[in-house]
Amino acid sequence: MNDTSFTRTLDALQDGDDLLRLLDDGVQIPLLVTGSSMLPFLRDGRDTVLLQKADKLKRGQILFFRRANGMFILHRIRKIWPDGRILVNGDAQNWCEVVMPFQAAAVVRGIVRDGKVKNPDGFLLRLRDALWYPTRPVRPFIFRVVSFLRHPFGR
């Protein structure tokens, strides 16, 4: 029997509205991580996240949101104010930004690495995040030291 199914890769900037409609319909969408803002927890080109519309947002979740320029971003929720504004921070960044509720598209329900699905709300991942977040002011220094240790004499 021939398999006539196919996979369509969505470009978030061109197909963003289609992506949002699928999420609104309850579809869980796999997304290959691109960029380095979520290091060391999510790696560019290695990890895939499973996105799904969230009923309720909570601190510590990884939020998939759309900036005003149309770009979709994955950052971790650090705080939610009573008026609904959401403070987010990339795990590799030392700065935060505020997201409005209407910008929130989905949350990460799973992280696929080496063929295994990890629960982002699991105890160990939450503990790692809790220990990592206070390093925010010194993250640039930490990344420079790690880079030097990996490549002590340059590349």
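Predicted model: local features only at pLDDT ≥ 70, side-chain atom pairs only at ≥ 80, totals over all residues.
Arg-113 belongs to strand β7, which covers residues 104-113, and its relative accessibility is 13%, so it counts as buried, given that the cut-off for buried is under 20%. Leaving aside residues up to four places away in sequence, Arg-113 touches Phe-41, Leu-42, Arg-46, Asp-47 and Lys-118. With Phe-41 there is a polar approach, in which a polar atom of the Arg-113 side chain lies 2.6 Å from the backbone oxygen of Phe-41.

## A salt bridge to Asp-47

Side chains of opposite charge can pair when their charged atoms come close. The structure holds eight salt bridges, and one of them joins the side chains of Asp-47 and Arg-113 at 2.7 Å, N to O. Because Asp-47 lies in the loop between β1 (29-32) and β2 (48-52) while Arg-113 lies in strand β7, this pair ties together parts that are 66 residues apart in sequence. Both Asp-47 and Arg-113 are buried, and together with Arg-46 they are linked in a network of salt bridges.

## Two further pairs

The side chains of Glu-97 and Arg-67 also meet in a salt bridge, at 2.6 Å, N to O, and this pair links strand β6 (residues 97-99), which holds Glu-97, with the loop between β3 (62-66) and β4 (72-80), which holds Arg-67. Glu-97 is buried, with a relative accessible area of 17%, whereas Arg-67, with 22%, is partly exposed.

Arg-76 and Asp-91 form another salt bridge through their side chains, at 2.7 Å, N to O. Arg-76 lies in strand β4 and Asp-91 in the loop between β5 (86-89) and β6, so the pair ties together parts 15 residues apart in sequence. Arg-76 counts as buried at 6% relative accessibility, and Asp-91 counts as buried at 0%.

How values were computed: Residues numbered from 1 in each chain as written. Heavy atoms only, no water. Helix = DSSP H or I, 4+ residues; strand = E, 2+ residues; numbered from the N terminus. Buried < 20%, exposed > 50% of the residue type's maximum accessible area, 1.4 Å probe, protein only. Polar contact = N/O pair within 3.5 Å; in protein donor to acceptor, adjacent residues only side chain to side chain. Contact = heavy atoms within 4.5 Å. Salt bridge = Lys/Arg side-chain N within 4 Å of Asp/Glu carboxyl O.
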